[in-house]
Amino acid sequence: MTQGGLKQRVARLRQAYAPHEYRPLGSYLAAMGTYATVTASLAGLVRATGRPVPERPAPADVVLLSIATHKLSRLLSKDAITSPLRAPFTRYDHPIGSGEVMEEVRDQGSSTRHAIGELLSCPFCLAVWVATGLTGGLVLAPRLTRLVATALTAVAASDFLQMGYAVAQRAAEGGDPDER
């Protein structure tokens, strides 16, 4: 098959997949390839350093990394302070409270920019990458990774306590002052 024929087949596939919406399938495929390369590199690094891979992660580590993954994913994808990291790929839309912002993916420019924008503005999408990095860190540098994960977990717990405090304060004052 010629390169022109392959491009036509890919274009038809893209049109058949999402006829009324732009979906950069090629860039998604590139992101998946990048993720696979990062994961294989981590595995190669673990093997090259001879670090033992646990047969079963400790339940405490699973809980710690789960909460840390949640917090770091939200911090990177939604926090107002980290918006300069996303700005080349997203556009500010509006604040969503608790120091977070809602952003739109930039559709202009390359399909790669669009795919990266979707990844960086979606805490669910980003969590896969963060969890992979933290898990690799747990094997390669367990003490440092646990320390960082502990700090992120403490921040996540603090966030929930801050929100609970705000709810309790509103209830004690008789509701939302803006509603009076």
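T153 is part of helix α7. The model is predicted.

User: Why is T153 called buried?
Analyst: Its relative accessible area is 17%. Buried means under 20%. T153 is therefore buried.

User: What is T153 in contact with, leaving aside its neighbours within four places in sequence?
Analyst: L64, I67 and A68. Contact here means heavy atoms within 4.5 Å.

User: Helix α7 also holds V148. Why does V148 count as partly exposed?
Analyst: V148 has 38% relative accessibility. Partly exposed lies between the buried limit, under 20%, and the exposed limit, over 50%. So V148 counts as partly exposed.

User: What makes L144, L147 and V148 a patch?
Analyst: They form a nonpolar patch on the surface. Patch residues need over 30% relative accessible area and no salt bridge, and nonpolar side chains are joined within 5 Å. V148, at 38%, is over that area cut-off. Together the three residues have about 290 Å² of accessible area.

User: Which residues does helix α7 span?
Analyst: Residues 142-172.

User: Now L75, in helix α3 (residues 59-78). Why does L75 count as partly exposed?
Analyst: The value for L75 is 27% relative accessibility. Buried would need under 20%, and exposed over 50%. L75 therefore counts as partly exposed.

User: Which residues is L75 in contact with, beyond its neighbours within four places in sequence?
Analyst: T82 and R86.

User: How many residues separate L75 and Y22 in sequence, and what is the distance in space?
Analyst: They are 53 residues apart in sequence. In space, C-alpha to C-alpha, they are 27 Å apart.

Notes:
Residues numbered from 1 in each chain as written. Predicted model: local features only at pLDDT ≥ 70, side-chain atom pairs only at ≥ 80, totals over all residues. Heavy atoms only, no water. Patch = residues over 30% accessible without salt bridge, like charges linked within 9 Å, V, L, I, M, F, W, Y side chains within 5 Å. Areas by Shrake-Rupley, 256 points an atom, 1.4 Å probe, with all protein chains shown as cover. Salt bridge = Lys/Arg side-chain N within 4 Å of Asp/Glu carboxyl O. Helix = DSSP H or I, 4+ residues; strand = E, 2+ residues; numbered from the N terminus. Buried < 20%, exposed > 50% of the residue type's maximum accessible area, 1.4 Å probe, protein only.
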